Amino acid sequence: MFPTFKDGNIVLTERITSRSGRVGSGDVVLIRSPDNPRKVVAKRVKGIEGDEVSYVLDPKNSDEQKTVVVPKGHVWIEGDNIQNSYDSRQLGPVPYALVQSRIFFVVWPPKDFRLIGNEVS
Amino acid sequence: MATPNFLWSLAKKYFTAGLIGLTISDRYASFMAVRGSSMSPTLNPYNENSTAFVLDDYVLVEKLCLQRYKFSRGDVVVFRSSSPPGLDVASLLKELSSPSNYKEKNVKRIAAMPGDWIHLPSLDTVRVPEGHCWVVGDNAACSMDSRSFGPIPLGLICGRVTHVVWPPQRIGGVNSKISMLPEVQVLVSEEHSH
């Protein structure tokens, strides 16, 4: 999730948005990995159910894009560091119920103290 | 005659009890009603001869298993649902009858863990991916389970059913044995057999 988060950042999360089903496109969330239930990762939601998401299949070799419609009850997550992120481009759409909470604030270190918005900074 | 002091202390007591109850229900164990007969005869057994009013089973769901997400084949688990990706012809039917709400919880039995192979009559052999499990209802004829929506991520599980607590004549443990369905055959992989 570079450059949004760097090693050592401490963030503030809230569960109200995820519990009430209001997680939308652009939110940064903590989500339990479908591959390993003991691992919780931070990713940005790029699409919710019904959205069309386009992504580049093979960034190094070609510009070919693939478009996917996110099925009901799922979300499409991507890391902000596109080159080095294991996310929905490999895993596919992830069930919404795996979303644990939404990250909305960075609290440490003090120079990084800021709100997390909907756009990649 | 309720005075403000009395009301305030009563409110504090209820609030404390509520917090403690919520913590226990979240982290240790809670009770849940089982709807439907997809887990007959283990839960909500269907009795054709009975004309009396049939009650739903209430079960004890333990949440200690969520600390390490350590499950075994044969565990009856409660999990949040995800809709099926709708890949084939029957996807319309699935949309109508399958869980589509992330808030809905289902109760089924784990038939296979990551790495196991599932034989289905209609499809070829399916390998259960890492971090997922294959769930099957005990009443195979009328159960929406992994045969319809595929393997589910273990992260969706929110508890394990250990006991039936209501109605009183059915109080007892829920066993961990899988009755092998003829159409679902499981090839157990070495990594996870214990």
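The radius of gyration used here is taken over C-alpha atoms, and the globule rule is 2.2 Å times the number of residues to the power 0.38. For the 121 residues of chain A, a compact globule would have a value near 14 Å; chain A has 14 Å, which agrees. Its C-alpha trace spans about 40 × 35 × 25 Å along the principal axes.

This is a predicted model: local features need pLDDT of at least 70, side-chain atom pairs count only at pLDDT 80 or more, and totals for chains, interfaces and linings use all residues. Residues are numbered from 1 along each chain as its sequence is written, chains are lettered from A and ligands numbered from 1 in the order in which they are written, and side-chain values use heavy atoms, with hydrogens and water left out.

Now follow the chain. Chain A holds 2 helices and 9 strands. Helices (H or I, at least four residues) and strands (E, at least two) are DSSP runs, numbered from the N terminus. From that end, the order is β-α-β-β-β-β-β-α-β-β-β.

How much of chain A is buried? Buried residues make up 44% of its 121 residues. Buried means under 20% relative accessible area, exposed over 50%, and partly exposed in between, with a 1.4 Å probe and protein chains only. The accessible surface of chain A comes to about 6,700 Å². Carbon and sulfur atoms account for 51% of that surface. Such areas come from the Shrake-Rupley method with a 1.4 Å probe.

Contacts come next. A contact means heavy atoms within 4.5 Å. Of the contacts in chain A with a separation of 6 or more, 54% join residues 24 or more positions apart.

A UniProt record, an unreviewed entry, places the feature "domain: Peptidase S26" at residues 1-55 and 65-108 of chain A. Such annotations may be inferred rather than shown by experiment; their positions are given in the numbering used here, and feature names are shortened. Residues 1-55 are 7% helix and 40% strand, with end C-alpha atoms 17 Å apart. Residues 65-108 are 9% helix and 50% strand, and their end C-alpha atoms lie 37 Å apart.

Finish with one residue. A:Pro95 sits in strand β7, residues 94-95 of chain A. Is A:Pro95 buried or exposed? It counts as buried because its relative accessibility is 7%. Beyond its neighbours within four places in sequence, A:Pro95 is in contact with A:Gly73, A:His74, B:Ser82, B:Pro153 and B:Leu156. The C-alpha atoms of A:Pro95 and A:Trp76 are separated by 8.9 Å, with the two residues 19 apart along the chain.
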